[in-house]
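User: I have a chain open here and would like to talk it through with you. Could you start with the overall layout and then go into details as I ask?

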Amino acid sequence: MHMTLEADYAVRIVEFLAVNPGRADAKTISERTSVTLRFTLKILRTLVSDGIVRSYKGAKGGYELAKPPKEITLRSVIEAVEGRCVQLPAHLVPFASHLR
């Protein structure tokens, strides 16, 4: 299966948020993941609408994971940006297990 650039970027963003707990602003996420700010904001909007990421407004605003990394699967991240895919097995290992 070929992963699109958007899916790759979404995985990078979620991984960054998983290993850097707490809020991070879009600019920091963009710089640390090597994704343009414009594309980072687009992907974050999608991840927020799918309930993977939570956003906060204001001076102390930013983004953080909406649930523990162990509860976020690679499949859910890819499907958030790509739509439902049938080629991935339903039992994908939670995201956090790949970070150890």
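This is a predicted model: local features need pLDDT of at least 70, side-chain atom pairs count only at pLDDT 80 or more; totals for chains, interfaces and linings use all residues.

Analyst: What follows goes from the overall layout to single residues.

User: OK, on to H2. Which of its residues are buried?

Analyst: In helix H2, which spans residues 26-33, the buried residues are Ala26, Ile29, Ser30 and Thr33. Seen down the axis of H2, these residues fall within an arc of 100°, so they line one face of the helix. On the other side of H2, Lys27, Glu31 and Arg32 are exposed.

User: What does that buried set pack against?

Analyst: The buried residues of H2 pack against H1, H3 and E2.

User: Zoom in on serine 30 for me. What does it touch?

Analyst: Leaving aside residues up to four places away in sequence, serine 30 touches Val35, Thr36, Leu37 and Thr40. A polar atom of the serine 30 side chain also lies 3.2 Å from the backbone nitrogen of leucine 37.

User: Why does serine 30 count as buried?

Analyst: Serine 30 has a relative accessibility of 8%, and the cut-off for buried is under 20%.

User: What happens at the start of H2, and just after it?

Analyst: At the start of H2, a side-chain oxygen of aspartate 25 reaches to within 3.1 Å of the backbone nitrogen of lysine 27. Just after H2, serine 34 takes a positive phi of about 60°.

User: Switching topic: how many aromatic pairs are there?

Analyst: The count comes to one aromatic pair. The ring centres of tyrosine 9 and phenylalanine 39 are 5.2 Å apart and the ring planes stand at 85°, so the pair is edge-to-face, given that planes over 60 degrees apart are classed that way. The pair links distant parts of the chain, with tyrosine 9 in helix H1 (residues 5-19) and phenylalanine 39 in helix H3 (residues 37-49), 30 residues apart.

User: Is tyrosine 9 buried or exposed? And what about phenylalanine 39?

Analyst: Tyrosine 9 counts as buried at 14% relative accessibility, whereas phenylalanine 39, at 23%, counts as partly exposed.

User: Now the strands. How do E1 and E2 run, and how many bridges join them?

Analyst: Strand E1 (residues 53-56) and strand E2 (residues 62-65) run antiparallel and are joined by four bridges, with serine 55 standing opposite tyrosine 63 in E2. The two strands form a hairpin with five residues between them, and glycine 58 in the turn has a positive phi of about 100°.

User: What sits over the ring of tyrosine 56?

Analyst: The charged end of arginine 23 sits over that ring, 3.4 Å from the ring centre.

User: Last one, arginine 75. Where does it lie, and is it buried or exposed?

Analyst: Arginine 75 lies in helix H4, residues 74-82, and is buried, with a relative accessible area of 14%. The C-alpha atom of arginine 75 is separated by 9.8 Å from that of valine 11, although the two residues are 64 residues apart along the chain.

Key. Residues are numbered from 1 along each chain as its sequence is written. Side-chain values use heavy atoms; hydrogens and water are left out. Rings of Phe, Tyr and Trp (its six-membered ring) pair if their centres lie within 6.5 Å; planes under 30 degrees apart count as stacked, over 60 as edge-to-face and the rest as tilted. Buried means under 20% relative accessible area, exposed over 50%, partly exposed in between (1.4 Å probe, protein chains only). A charge sits over a ring if NZ of Lys or CZ of Arg is within 6 Å of the ring centre and within 35 degrees of the ring normal. Two strands pair if DSSP finds at least two bridges between them. The arc is that of the directions from the helix axis to the C-beta atoms. Contact means heavy atoms within 4.5 Å. A polar contact is a pair of N or O atoms within 3.5 Å; within protein, one must be able to donate a hydrogen and the other to accept it, and residues adjacent in sequence count only if both atoms are side-chain atoms.
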